[in-house]
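Good morning, and thank you for coming.

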Amino acid sequence: MLDTLTLAAILIPCLIIAIVFHEVAHGWVALMLGDPTAKEQRRLSLNPIRHVDLIGTLLVPGALALMGGPVFGWAKPVPVNQRRLDNPRYGMMAVAAAGPGTNILLALAAAILFGIFAGFASNLGVALPEWSLTFFGAFVLINAFLALFNMLPIPPFDGSHIVGGLMPRRWVHHWQKLQAMGMLLLVVLIAATWAFPDARWIENTLFPPVEWLTGIFYAVADGVARVIA
């Protein structure tokens, strides 16, 4: 079994990579679609310090971990000015989808690489170290969870922007008003998780699809390993 410090040394880089790439993807897609706001504010950087949010990245995940609840959090959102996009409505949908899409691609790349290493290790008759198995499992799980969690159609998550883009135009104004209350809705979600831990809302809602998605990545890794071995 890995000790606590070793486990933290594995989990923290996994979380940082997943969050930073998620946020930078928003900014890069926005730039490609006409909005240079993130570039102007120097947020198109893989430096984690530029994306850390005191509350969402540190305090909330730490408090949830101490209380034994489901651990989730967020980074400082990359700034996007919808009005500067070439096509504000559909451009914003693409920008929103870029973050979860990047998490899916990261998990897929990890599955392929792990499969390659596992295949060569099998050919050489050696076992992969325990930490590599833990890193792969954590990396895939974190990216799958972030992708699906952010696709929830609840402001201010990415899924809410996609839903807004698909709505009839006569409803968009009302949806934008709801999005303006996004932080309040997020606080309510966190408070409900703390107040009713036995309800396990997040686990019951997200864990089944997360397990399904991680199962696909494990199957990819196994398939690659079998091809090489």
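I begin with a definition: a salt bridge is a side-chain nitrogen of Lys or Arg within 4 Å of a carboxyl oxygen of Asp or Glu. What we are examining is a predicted model, in which local features need pLDDT of at least 70 and side-chain atom pairs count only at pLDDT 80 or more, while totals for chains, interfaces and linings use all residues. Residues are numbered from 1 along each chain as its sequence is written, and side-chain values use heavy atoms, with hydrogens and water left out.

Let me now turn to the salt bridges themselves. The structure holds three of them. In one, the side chains of Arg84 and Asp35 meet, at 4.0 Å from N to O. This pair links distant parts of the chain, since Arg84 sits in the loop between α3 and α4 and Asp35 in the loop between α1 and α2, 49 residues apart. The helices in these names, like any strands, are DSSP runs numbered from the N terminus (helices: H or I, at least four residues; strands: E, at least two).

Are these two partners buried or exposed? By definition, buried means under 20% relative accessible area, exposed means over 50%, and partly exposed lies in between, with a 1.4 Å probe and protein chains only. Asp35 counts as buried because its relative accessibility is 0%. Arg84, with a relative accessible area of 34%, is partly exposed.

Arg84 has another partner: its side chain meets that of Glu40 in a salt bridge of 3.0 Å, N to O. Glu40 lies in helix α2 and Arg84 in the loop between α3 and α4, so this pair ties together parts that are 44 residues apart in sequence.

The side chains of Arg226 and Asp222 also form a salt bridge, at 2.8 Å from N to O. These two are four residues apart in helix α9, so about one helical turn separates them. Arg226 is exposed, with a relative accessible area of 62%, whereas Asp222 is partly exposed at 38%.

Next, the overall fold. How many helices and how many strands are there in the protein? There are nine helices and zero strands. Of the 229 residues, 41% count as buried. Contact here means heavy atoms within 4.5 Å. Among contacts with a separation of 6 or more, 72% come from residues 24 or more positions apart.

We now move to the interior. In soluble globular proteins, nonpolar side chains tend to be buried together. A nonpolar core is a set of buried Ala, Val, Leu, Ile, Met, Phe, Trp, Tyr and Cys residues joined through side-chain atoms within 4.5 Å. The largest such core has 26 residues, of which Cys14, Phe136, Phe149 and Phe217 touch the most other members. The elements giving two or more residues to this core are α1 (4-32), α4 (88-124), α5 (130-150) and α9 (201-228). Helix α5 gives the most, with nine residues. A second, separate core of seven residues includes Val29, Ala30, Val95 and Ala98.

Which residues does Phe217 touch, not counting residues up to four places away in sequence? They are Ile104, Ala107, Leu108, Ala111, Phe136 and Val140.

A polar residue also deserves attention. Asn103 lies in helix α4, and it counts as buried because its relative accessibility is 0%. Its side chain makes a polar contact of 2.7 Å with the side chain of His22. A polar contact is a pair of N or O atoms within 3.5 Å; within protein, one must be able to donate a hydrogen and the other to accept it, and residues adjacent in sequence count only if both atoms are side-chain atoms. Leaving aside neighbours within four places in sequence, Asn103 is in contact with Ala18, His22, Asn143, Leu146 and Ala147.

Arg42, in the loop between α2 (37-40) and α3, has a positive phi of about 60 degrees although it is not a glycine. Arg42 is exposed, with a relative accessible area of 55%. In helix α3, Leu54 is likewise exposed, with a relative accessible area of 56%. Ile55 is found in helix α3 (residues 54-66) and counts as partly exposed, at 48% relative accessibility.
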